[in-house]
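User: I am new to reading protein models. Please walk me through this one.
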Amino acid sequence: MSTVEELQKRVKELEAQLASVQGNAGPARQKIDVMSSEVVDSNPYSRLMALKRMGIVDNYEKIREMSVAVVGVGGVGSVTAEMLTRCGIGKLILFDYDKVELANMNRLFFQPHQAGLSKVDAAASTLQNINPDVTIDAYNYNITTVENFQKFCDTIRTGSLTGGPVNLVLSCVDNFEARMAINTACNELNQKWFESGVSENAVSGHIQFIAPGQTACFACAPPLVVASKIDEKTLKREGVCAASLPTTMGIVAGFLVQNTLKYLLEFGTVTHYLGYSALTDFFPIMALKPNPQCEDMYCRLRREEHNLRPVVEVATEVTEDSAPVHADNEWGISLVDENTPEDDDCSHLKLVDGVQVAYSVPVDNSTPESSTGGAVAASELSLEELMQQMKSM
Amino acid sequence: MVDEGTRKTLSSIPLLQTKAGPRDKELWTTRLKEEYQALIKYVQNNKAADNDWFRLESDKTGTKWFGKCWYVHNLLKYEFDLEFDIPITYPTTAPELALPGLDGKTAKMYRGGKICLTDHFKPLWARNVPRFGIAHAMALGLGPWLAVEIPELIEKGVVTYQEKSEEAK
Ligand SMILES: [Zn+2]
């Protein structure tokens, strides 16, 4: 028979073991108030602060004042968050509504024992352990729904260490809807952000810097794709939605964080668009101007605001055509075929070789295909009556 | 290229007119009415063609939709719960239709049972904003998906027939 003391000791040991198995053992080091450039093996920032001594970055410790939101904590986002954590970023705000699954284990960062946990909570716990100096907020919801979108906007607007807007939003999501939601939010809030992505065939990717009004927004053109030299028609989609490789995701996360650091700490040049084709090791880069006829009203507004500001940068063109904003289409009774020939408005984009739009959208839908269904006529019935009619069918 | 049958089905669904999303207040109500009108017409078309295959309803705000869809294979009717939210970016982006009951059972799904769409869907949707609505997403997205995936899932034994007390319909 053991004594109470012995049992209590045993309980403590087992608790400690359990905590380490679950990956939430207490921080392994104390918080550090001021980044030191002293080169001792106990200083986690010595190699980063060396960037100052070498003249690469003027003021590395400024990173401690920076707040970055990472939307999507999957294959790209989790690695992005880890890099920023190790760099000593001031604050990270994580958004995702997914859980860790064993099917994610071909990617970096998450570990099998975290399966079933929410990605943001699992990530926050690992990251906090890596660097207790970083303030980490985690939000477990889908930003594209009406109620969550407002919360998302408010958090971006007030989430910095000083209660103001975050310095940068990084989009690491895997779908068009979420990218468009981030684009909508950032255009409305006049918030600078990076879009990033990996293709569903896992062999190409990109990052794109978006400063509302100054560079093309995500809605300015159909999604851009890096030519993969694979004939899309031979691409087999039977039986799977998407493939993924830790390599491509790691490379894209690396590009994303590299340009984030350049932007935040003001060194080097920030690339507007950087593509990556894995099969040919091809990296096209280009600058992208906003589309004056962008569908997003706030994009057009930010562009006008920007054009009113005195030109400080080495801007090359101020003479853009002042074509009227989309005269609303006379939609008529028609639907447009996906195979309409390329007669669209992407010429303004001046795409670099090797980058193309995923599909084209005609400027005016004047050559549509006829539809026998007609257009819906204004209904005499109220919404409630229509809902009832549908219900009773 | 969308197949001829889908194309014909699509073109018999009335097109919508109002470009409005759930954050647009009154205009959204107008859009919702159009959504219901198009859906009602589509279900009527399906019934007339002896191909009635789904029912849908929404909450009052019109942002949360739920219902059932079914697929007949070897004279047996397989029924699935269907649900989706209307994103704030609608109708620029299509709703992501989900069959939560099949989540994890097929690789042709994303998390939460959201169905994987063909390469035709997004270009066609993008070219028809704002004329395409929920009814079009059903015809162009879910219809073809069920036709390809369900027989396969039945073959593999992943989906099995559930005896149901015969409903009025
Ligand atoms: Zn734009």
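Analyst: Start with burial: a residue is buried under 20% relative accessible area, exposed over 50% and partly exposed in between, using a 1.4 Å probe and protein chains only. Both A:Cys217 and A:Cys294 are buried. The model is predicted: local features need pLDDT of at least 70, side-chain atom pairs count only at pLDDT 80 or more, and totals for chains, interfaces and linings use all residues. Residues are numbered from 1 along each chain as its sequence is written, chains are lettered from A and ligands numbered from 1 in the order written, and side-chain values use heavy atoms, without hydrogens or water.

User: Which protein atoms are the donors of the zinc ion?
Analyst: Donors are N, O and S atoms within 2.8 Å of the metal (3.2 Å for Na, K and Ca); water is not among the atoms, so sites may look incomplete. Here they are the SG atoms of A:Cys217, A:Cys220, A:Cys294 and A:Cys299, lying 2.3 Å from the zinc ion. Their spacing along the chain is C-x2-C-x73-C-x4-C. A:Cys217 and A:Cys294 link distant parts of the chain, 77 residues apart.

User: What is the geometry of the zinc site?
Analyst: Four donors count as tetrahedral if all angles lie between 85 and 135 degrees. The ideal is 109.5 degrees. The zinc site is tetrahedral, with angles of 103 to 114° among its four donor atoms.

User: How much of chain A is buried?
Analyst: Of its 393 residues, 46% count as buried.

User: Is B:Cys116 buried or exposed?
Analyst: B:Cys116 is buried, because its relative accessible area is 6%. UniProt lists B:Cys116 for "active site" in an unreviewed entry; such annotations may be inferred rather than shown by experiment.

Technical notes. Tetrahedral: all angles 85-135°; square planar, octahedral: opposite > 155°, others 65-115°. Helix = DSSP H or I, 4+ residues; strand = E, 2+ residues; numbered from the N terminus.
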